[in-house]
Amino acid sequence: MQFGEQLTRRDQLLRSSLTSGPGLLWLLVFLLAPLLAIFFISFLTRGAYGEMQWPLTLENYRRLVGFGPFGFDSLYPLIFLRSLALGALTTALCALAGFPLAFFIARLPARFKTAALTLVVIPFWTNLLIRTYSWQILLAPDGWLSRLAAALGLVAPQTPLYPGLFAVALGMLCDFLPFAVLPLYASMEKLDWSIVEAALDLGAGPRQALRHAVLPQVWPGLIAGSVLVFLPATGQFVIPDLLGGAKLVLLGNAIQPQSGASRDWPFGSAVASVALLLVLVGLWLQARFNAPKGAGS
């Protein structure tokens with residue numbers, strides 16, 4: 001029975017194909033098929049002139065973990081570790097900054113919440129390159145941030161705050177903070193304050209109440225925000241390039257040359273496949289940590 005009407009399996013299949021079929025077909029043709037093609041190409045061999053050819057091989061993945069034709073080379077393992085470290089740093093900064101910000105917005109009167117959330121997502125209205133170039137202006141020797149740092153004695157006068165790790169961290173925080181704030185806000189909006197009050201009545205201090213009464217309730221939002229920040233941050237290379245002086249190769253700019261100047265599509269596909277696997281592992285961890293208690297593992 002469906003909507004008060006008795007349907008056979010054939011009728012259910014027909015109706016499902018008419019409603020869900022076009023969307024599933026779109027995903028199959030424009031998402032799943034290209035991903036499968038990239039995965040297949042990663043096992044092909046690069047020809048002498050950059051063409052893809054047989055035989056199928058694992059050499060691209062061996063090269064990715066460091067075993068090349070001239071022995072072990074730590075270049076690509078270091079690229080992955082560097083990208084993961086950048087993603088972890090960005091996630092930590094966004095969690096530390098996003099938690100109090102989401103808490104502040106959730107405690108605002110209802111008439112102010114929409115305006116506050118609009119201010120959070122305003123960076124999305126501007127192109128990433130424009131935002132990054134704006135940070136270059138702000139962090140330049142004549143920028144007010146550099147002058148403030150010089151006035152506080154943190155740097156010498158007329159010293160720019162970029163390129164460097166500080167500039168990269170600041171740019172990454174600005175770019176990915178909304179991804180952490182919005183899921184955290186959604187969890188804090190549903191926070192049961194009676195549990196917090198009960199913890200305080202039972203003698204818990206502010207830190208204990210935060211740990212035992214608040215964090216367990218907002219944990220799903222914190223995990224979701226961390227995944228939304230960590231996964232794209234590991235593949236980010238525009239901000240590190242522009243604010244870090246293009247001194248370090250990361251995962252994103254390790255893929256791009258393979259399909260351009262190097263003409264090594266099989267190896268580039270192998271790098272992209274491992275990056276996709278990283279995304280899938282992150283989504284699986286999010287689903288596992290956010291699964292309700294008692295659900296199957």
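The following legends describe close-up views of a predicted model.

**View 1. Helix 8 and its bend.** Helix 8 covers residues 165–189, a run of 25 residues. From its first C-alpha to its last, helix 8 reaches 34 Å, which is close to the 36 Å expected at 1.5 Å a residue. The helix bends by about 45° at Phe176.

**View 2. The largest pocket.** The largest pocket holds about 250 Å³ of space. Its lining consists of 13 residues, and the closest to the centre of the pocket are Leu165, Val168, Pro240, Gly244 and Leu248. At least two lining residues come from each of helix 4 (75–106), helix 8 and helix 11 (238–244). Helix 4 gives the most to this lining, namely four residues. Sorted by class, the lining of the largest pocket comprises nine nonpolar, two polar and two charged residues.

**View 3. The largest cavity.** One cavity of 30 Å³ or more is present in the structure. The largest cavity contains about 40 Å³ of space. Its lining is formed by Leu128, Arg131, Thr132, Trp135, Gly171, Cys174, Asp175, Ile239 and Leu243. Helix 6 (128–138), helix 8 and helix 11 each contribute at least two residues to the lining of the largest cavity. Helix 6 provides the largest share, with four residues. By class, five residues of this lining are nonpolar, two are polar and two are charged.

**View 4. The salt bridge between Arg62 and Glu59.** Four salt bridges are found in a search of the whole structure, and one of them joins Arg62 to Glu59. The closest N and O atoms of this pair are 3.7 Å apart. Arg62 and Glu59 are separated by about one helical turn, because they stand three residues apart in helix 3 (residues 59–64). Arg62 is partly exposed, with a relative accessibility of 42%. Glu59 is likewise partly exposed, at 37% relative accessibility.

**View 5. The salt bridge between Asp264 and Arg63.** In this salt bridge, the closest N and O atoms of Asp264 and Arg63 are 2.9 Å apart. Asp264 belongs to the loop between helix 12 (251–255) and helix 13 (265–289), whereas Arg63 belongs to helix 3, so the pair ties together parts that are 201 residues apart in sequence. Asp264 has a relative accessible area of 8% and is therefore buried. Arg63, with a relative accessible area of 29%, is partly exposed.

**View 6. The salt bridge between Lys113 and Glu189.** Lys113 and Glu189 form a salt bridge in which the closest N and O atoms are 3.0 Å apart. This pair links distant parts of the chain, as Lys113 lies in helix 5 (residues 110–121) and Glu189 in helix 8, 76 residues apart. Lys113 counts as buried because its relative accessibility is 14%, under the 20% limit for a buried residue. Glu189 counts as partly exposed, at 39% relative accessibility.

Definitions and conventions:
Residues are numbered from 1 along each chain as its sequence is written. This is a predicted model: local features need pLDDT of at least 70, side-chain atom pairs count only at pLDDT 80 or more; totals for chains, interfaces and linings use all residues. Side-chain values use heavy atoms; hydrogens and water are left out. The expected span of a helix is 1.5 Å times one less than its number of residues. The bend at a residue is the angle between axes fitted to the seven residues ending there and the seven starting there. On a 1 Å grid over the protein atoms alone, a cavity is a set of points where a 1.4 Å probe fits but cannot get out, and a pocket is an open set with protein on both sides within 12 Å along at least five of seven lines; lining residues have an atom within 4 Å of a point. Grid points are joined across faces, edges and corners, and a volume is the space filled by probe spheres set on the points. Ala, Val, Leu, Ile, Met, Phe, Trp, Tyr, Cys and Pro count as nonpolar, Asp, Glu, Lys and Arg as charged, and the others, Gly among them, as polar. A salt bridge is a side-chain nitrogen of Lys or Arg within 4 Å of a carboxyl oxygen of Asp or Glu. Buried means under 20% relative accessible area, exposed over 50%, partly exposed in between (1.4 Å probe, protein chains only).
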